[in-house]
Amino acid sequence: MLSSTFERKAFTLLTSLFIGSLVMAAVVSTKIINIFGFYAPAGVLAYSVTFIVSDIISEIWGKERANEVIHCGFFALLTAIALSWAALHWTAAPFWHGQEGFASVLGNTPRIVLASLLAYLVSQTNDVWLFHFLRKLTNGKHLWLRNNLSTIISQLIDSTIFVTVAFYGVMPVTDIIIGQWVAKVCIAFLDTPLVYAGVSLLRQRTPLAVTSSPL
């Protein structure tokens, strides 16, 4: 019972981290930041967390569960966008004067909203598919390879779709795509120990793990 309870709590926690990071990334991505000379939307760090979590879920619970989390994240993002729009356009109290600042944070343009949804759905679906393709190709070995390669390629897809749809004709698209992708690749390399640690812990404590293959 203890292991089963741990498994349920672990999956719930990872799903919550995934959705929370996804929504946060969408909220802060209107700001473009400078990362050691590269330019990227401020949501790059939060969004990178979603790939860490999806890789852990893929490795422990399999492709179907990972895709379920991705679909839940998509609907959570839609809900967050709808709630933000409602809060932004709701009549404010007469003594409240923060509308301008509030709108600057939550007033994402339709292009950015569309870019977020499209990039998310395509890149995350590709990440799960490629992760399991590489897992089958390597007979379940070399977790570091599928973790990094699937993330690197999927993040390139994500950056290209998001930046092109959101900022084409307004900002230097190529510079932002490269900057965002480089930042995500660096994070992907740095997150490998976290993926190993998470997978190792869950394999020890989770009776429902889909694999016991070497890392």
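In which sense do strand 1 and strand 2 pair, and over how many bridges? The close-ups below start there. This is a predicted model in which local features need pLDDT of at least 70, side-chain atom pairs count only at pLDDT 80 or more, and totals for chains, interfaces and linings use all residues. Residues are numbered from 1 along each chain as its sequence is written, and side-chain values use heavy atoms, with hydrogens and water left out.

**View 1. The hairpin of strands 1 and 2.** Strand 1 (residues 32–35) runs antiparallel to strand 2 (residues 38–41), with 4 bridges (pairing takes at least two DSSP bridges; strands are DSSP E runs of at least two residues, helices H or I runs of at least four, numbered from the N terminus). Isoleucine 32 sits opposite proline 41. The turn has 2 residues between the strands, and its phenylalanine 36 shows a positive phi of about 50°.

**View 2. Helix 2 against helix 7.** The axes of helix 2 (residues 44–61) and helix 7 (residues 173–205) come within 9 Å and cross at roughly 35° (axes are lines fitted to C-alpha atoms, for helices over the stretch in contact; angles run from 0 to 180 degrees between N-to-C directions). Residues in contact (heavy atoms within 4.5 Å) include Ile52 and Ile56 from helix 2, and Ile187 and Leu194 from helix 7.

**View 3. Helix 2 against helix 3.** Here the axes come within 7 Å, crossing at roughly 145°, with helix 3 covering residues 63–89. Ser54, Ile57, Ser58 and Trp61 of helix 2 touch Lys63, Arg65, Ala66 and Val69 of helix 3.
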